[in-house]
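This report describes salt bridges and a helix contact. Please look at the sequence and the model before reading on.

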Amino acid sequence: MTDTTSMRHQTPLTSGDFTAADEPFALFEAWLNEAIKSEPNDPNAMALATVDADGLPDVRMVLMKGFDSAGFVFYSHIASQKGRELAANPKAALLFHWKSLRRQVRIRGNVTPVSEAEADAYFATRPKQAQIGAWASKQSQPLESRFAFEQAIAKVAAKHVIGEVPRPPGWSGWRVTPSRIEFWHDRPFRLHDRIEFRRDAVGQPWSKTRMYP
């Protein structure tokens with residue numbers, strides 16, 4: 001619905017549904033499940049924001065590969081730009097935008113590496129070609145040509161024609177443990193619904209505040 005839609009067609013300002021939630025994780029799961037049904041591509045895609053050594057923000061899209069009350073997990077190369085920035089400053093912000101549902105979820109918190117066992121278990125679920133690519137890619141480093149990358153892939157593939165591909169030592173994951181989670185839902189005429197959950201520390205109760213749009 002656009003800003004020029006007749007006022008008589010607007011929906012109520014207070015929805016009485018998600019704004020009544022008393023904790024964020026069950027609400028996020030409900031929204032994610034709805035996004036899985038409605039989003040045409042990658043409902044688990046999220047923007048990941050970090051900062052570099054000069055304090056300049058850096059953002060890119062990654063895929064969430066798991067979440068629970070401990071946080072939101074994604075995987076990549078440790079030596080990548082994001083990996084280096086998180087090693088220097090282990091804090092991040094995430095953003096889910098589900099356009100089909102007109103919803104956003106914003107998350108901010110501290111970041112910790114996943115365990116070796118977690119990284120091994122997830123890497124084992126990846127398609128073999130993706131596993132090979134993880135060995136061949138020097139993520140975020142200059143690449144002279146696409147052909148050079150294809151050669152590197154071919155060399156790794158030749159070593160692993162038979163059997164499992166082990167996880168590269170420079171490939172792992174991170175968990176963003178939220179201190180703030182905000183849920184945003186579109187409303188007509190920019191009169192959106194927003195609620196923010198905050199907590200002082202892990203294990204502490206969440207406080208909830210309704211925000212002006």
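A salt bridge is a side-chain nitrogen of Lys or Arg within 4 Å of a carboxyl oxygen of Asp or Glu. Side chains of opposite charge can pair when their charged atoms come close.

The model is predicted: local features need pLDDT of at least 70, side-chain atom pairs count only at pLDDT 80 or more, and totals for chains, interfaces and linings use all residues. Residues are numbered from 1 along each chain as its sequence is written, and side-chain values use heavy atoms, without hydrogens and water.

The structure holds twelve salt bridges, including those in the table.

| Salt bridge | Closest N and O atoms |
|---|---|
| Asp193 and Arg187 | 3.1 Å |
| Arg60 and Asp58 | 3.3 Å |
| Glu85 and Arg60 | 3.4 Å |

Accessibility is described as buried (under 20% relative accessible area), exposed (over 50%) or partly exposed (in between), with a 1.4 Å probe and protein chains only. Asp193 is buried at 1%, and Arg187 is buried at 10%.

Asp58, Arg60 and Glu85 are linked in a network of salt bridges. Asp58 is partly exposed at 23%, whereas Arg60 is buried at 17%. Glu85 lies in helix α2 (residues 81-88) and Arg60 in strand β2 (residues 57-63), so their pair ties together parts 25 residues apart in sequence. Here helices (H or I, at least four residues) and strands (E, at least two) are DSSP runs, numbered from the N terminus. Glu85 is buried, with a relative accessible area of 5%.

Elsewhere, contact (heavy atoms within 4.5 Å) joins Gln129, Ile132, Trp135 and Ala136 in α4 to Phe149, Ala152, Ile153, Val156 and Ala157 in α5.
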